[in-house]
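Here are my notes on this model, point by point. Please keep the structure open while you read.

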Amino acid sequence: MHTTTPLEALTARIGAVGSAVVAFSGGVDSSLVAAVAARALGPRALAVTAVSSALATGELEGARSVAASVGIAHEVVDTAELTREGYRRNDRFRCYHCKSELYDRLDELAARRGYAAVLSGANADDMGDWRPGLRAAAEHGVRHPLLEAGLGKEAVRALARDLSVPSAGKPASPCLASRLPYGTAVSAPVLAQVDRAELALKRLGYEVLRVRHHGRLGRVQLAAEELARVSDPGERAAVVAAVRAAGYDQVEIDERPFRSGSLNLPITPVERSR
């Protein structure tokens, strides 16, 4: 008796929608959805990447490359989340306002072009973090095939490797606004400053990193395996110089390893339920 594999189940789930727009960042989650949509829906699948001040340098080029590799049509839409006061205010519901802007644009595109559904790359592990963007998705009727199939990050990466998706091992790269502590206003100049600092560190060879924006202070967080590099005085000086050149007067290198979602840690379960 044949047992349905996770890939077969995911393919059937996506194929059942008939046609779809995939909210596509080029990260592993949305890339797997796009790759399976290309298999299940063929020309009735379209990957769409949102471009705004919050998109880090190099991410659009990466998304285009992945889309070409997995064989899905790819387009770009401009989003204007900075025109939304709730987004600029940057409280704990910032992602709700950001995703509302995104899904407004994708809904418009889907309706205009005759696509039956909008798909996201949310996975089962996202239920364990603060994700107000999921509320925006629910309000727009967005489907989450990975989450619906119960696939967490490890399973997603495994399937992406099986399908030779180029971004299978890509580190997470959320929008640049995620580098700002809640309560710090989001603006185009601040996002550009963070982007300059992170790009400078990537050019030094660092891959998994964040530059957390604290006004005049840029706090550098590096992956555990890369922290040892900055114990060298020359390397440390290069990191500090790179971040200062981006416009920060003070630079701090966090001794703790980078952890995705660290700015969400103070949010309590009571606050999560709001």
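1. Terms and ground rules. Helices (H or I, at least four residues) and strands (E, at least two) are DSSP runs, numbered from the N terminus. This is a predicted model, where local features need pLDDT of at least 70 and side-chain atom pairs count only at pLDDT 80 or more, while totals for chains, interfaces and linings use all residues. Residues are numbered from 1 along each chain as its sequence is written, and side-chain values use heavy atoms, with hydrogens and water left out.

2. Asn90. Start in the loop between helix H4 (85-89) and helix H5 (94-113), where Asn90 sits. Its phi is near 60°, a positive value in a residue other than glycine. Most residues other than glycine have a negative phi. Is Asn90 buried or exposed? Asn90 is buried, with a relative accessible area of 0%. Buried means under 20% relative accessible area, exposed over 50%, and partly exposed in between (1.4 Å probe, protein chains only).

3. Ser164. A positive phi also turns up at Ser164, at about 55°, and Ser164 is not a glycine. Look for Ser164 in the loop between helix H8 (153-162) and helix H9 (188-203). Ser164 is exposed, at 56% relative accessible area.

4. His144. This residue lies in the loop between helix H6 (133-140) and helix H7 (145-148). His144 counts as buried, at 12% relative accessibility. Which side chain does His144 meet in a polar contact of 2.5 Å? The partner is Ser120. A polar contact is a pair of N or O atoms within 3.5 Å; within protein, one must be able to donate a hydrogen and the other to accept it, and residues adjacent in sequence count only if both atoms are side-chain atoms. Leave aside neighbours within four places in sequence, and His144 is in contact (heavy atoms within 4.5 Å) with Ser120, Ala122, Leu134 and Ala137.

5. Asp232. Find Asp232 in the loop between helix H10 (224-227) and helix H11 (233-245). Asp232 is partly exposed, at 40% relative accessibility. A polar atom of its side chain lies 3.1 Å from the backbone nitrogen of Gly234.

6. The cores. A nonpolar core is a set of buried Ala, Val, Leu, Ile, Met, Phe, Trp, Tyr and Cys residues joined through side-chain atoms within 4.5 Å. The largest has 32 residues, and Ile14, Val22, Phe24 and Ile72 touch the most other members. At least two residues each come from helix H1 (6-15), strand S1 (20-23), helix H2 (28-41), strand S2 (45-51), helix H3 (59-70), strand S4 (117-119) and H8. Which element gives the most to this core? H2 does, with nine residues. A second, separate core of 28 residues includes Leu201, Leu209, Val239 and Tyr248. In soluble globular proteins, nonpolar side chains tend to be buried together.

7. The whole chain. The protein chain has twelve helices and seven strands. Its radius of gyration (taken over C-alpha atoms) is 19 Å, close to the 19 Å that the globule rule (2.2 Å times the number of residues to the power 0.38) gives for 274 residues, so the chain is as compact as a globular protein of that length. Of the 274 residues, 47% count as buried. Among contacts between residues at least 6 apart in sequence, 72% join residues at least 24 apart.
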